[in-house]
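Have a look first, then the questions start.

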Amino acid sequence: MIRELEVSGFTVFPEKVFFSFAPGINVVVGGNDSGKSHLLKLCYSLTKWSAEGGKKSLPDRWAEEHRLRKDLMRVFASRNLSALTAQNRGNGLANVRAVMASPGTPENLGQLRFRFHSNDEEAGLSIEEMPKRFLDIPVAFLTAREVFAIFPSFVQLGAKFPEALDGACWDLCRALERPAREGEMERPLIQVRKILWNILAGKAILRDGRFYLSRPGQKLMEMSLVAEGFKRLGMLDYLIANRTVRGGSVLFWDEPEMNLNAIHLPMLGKVLIGLAQAGVQMVLSTHSLFLLRELTIQLAEMTNETLSRRFFGLNAQHEHARGVSVSSGDSLDDIGPIESLEAEIAQADRYLKLS
């Protein structure tokens, strides 16, 4: 799991910022252009790199530098490393330090430090400190882009030209290809799936290389015909079924509330908390005030008091190209005012004055 991240000179973070993640649920809050997706993609790239490095006994540093460079460029869909520096904000030298560790593994064995420069593309990425132990856990990223409906095309194209696809979406398609193993399910995850089935009124199944929504008493419905807000919930259902998401895994989820009606968000909150209770480290981004309040309400319940949580507030500082300011704490109140949320609150106050 990812424990710490320190970064400077990377995309929207020209100055040094620090993130300390909880093993349970982590919520990144911010408006457009505040770096929420960049943060999730960076964390995902590093944990994915470490998890796949665990398959090698004695990896060479130069090979790992090449692999990490490739992973970053593919996940960010960037043509070169220079584009991933904060050169437009006055800092073309990116420095990243991350601490990652599997459950039960000492944190001091999983530190990674690397750097790259916008003016030295040929030199590429330089790893200054290699982890002494790689992760041995599944890592998944539910992107803002829904891939269920175009899954067959993605798989066919990605098998021939993987470099042509968004890396996170291609990774997601590969994870969805794995067959379901429902007989091995832990009880907490069975409960999470029941909530998902209740929202979907059915469950996702893979048949002959295509995904369908299976509902009792109805013919199978192709996923391309399913409501947009339900497709990513169906993906999560299947990732739990095939054990990509399980206790000890890490799930990154970019705006889980996307295309969902407010009536479903309380149940979505139960899904997120249920996954964290099952031992899944959750790192999600959102700018939904409704979802944030729902999570706050549910986390305050006695049954969830011991669940570790962390909130991160990102505010874009456009003046003088200062990048993004970061605040963090164990509650929504700790991260201070967030511009996008304040706009919703202000509108609610204006609406109430009409009556």
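Buried means under 20% relative accessible area, exposed means over 50%, and partly exposed is in between, with a 1.4 Å probe and protein chains only. This is a predicted model, where local features need pLDDT of at least 70 and side-chain atom pairs count only at pLDDT 80 or more, while totals for chains, interfaces and linings use all residues. Residues are numbered from 1 along each chain as its sequence is written, and side-chain values use heavy atoms, with hydrogens and water left out.

Q: Why is lysine 48 called buried?
A: Its relative accessible area is 7%, and the label asks for under 20%, so lysine 48 counts as buried.

Q: What makes lysine 48 and glutamate 52 a salt bridge?
A: The term needs a side-chain nitrogen of Lys or Arg within 4 Å of a carboxyl oxygen of Asp or Glu. Here the closest N and O atoms are 3.6 Å apart, so the pair qualifies. Both residues sit in helix α1 (residues 36–53), 4 residues apart, about one turn of the helix. Helices here are DSSP runs of H or I with at least four residues, strands are runs of E with at least two, and both are numbered from the N terminus.

Q: Is glutamate 52 buried, partly exposed or exposed, and why?
A: At 26% relative accessibility, glutamate 52 counts as partly exposed.

Q: Why is tyrosine 351 called exposed?
A: Because tyrosine 351 has 61% relative accessibility, and exposed is the label for values over 50%. You'll find tyrosine 351 in helix α9 (residues 339–353).

Q: What makes the contact between glutamate 64 and tryptophan 49 a polar one?
A: A polar contact is a pair of N or O atoms within 3.5 Å; within protein, one must be able to donate a hydrogen and the other to accept it, and residues adjacent in sequence count only if both atoms are side-chain atoms. The two side chains make theirs at 3.3 Å. Glutamate 64, found in helix α2 (residues 61–75), counts as buried because its relative accessibility is 1%.

Q: Why can strand β12 be described as largely enclosed?
A: In β12 (residues 281–286), 6 of the 6 residues are buried, so the rest of the structure largely encloses this strand. Both faces are covered, with Gln281, Val283 and Ser285 on one side and Met282, Leu284 and Thr286 on the other.

Q: How do you know that β3 and β12 pair?
A: Two strands pair if DSSP finds at least two bridges between them. Strand β3 (residues 25–30) and β12 have 5 bridges, in the parallel sense, so they pass.
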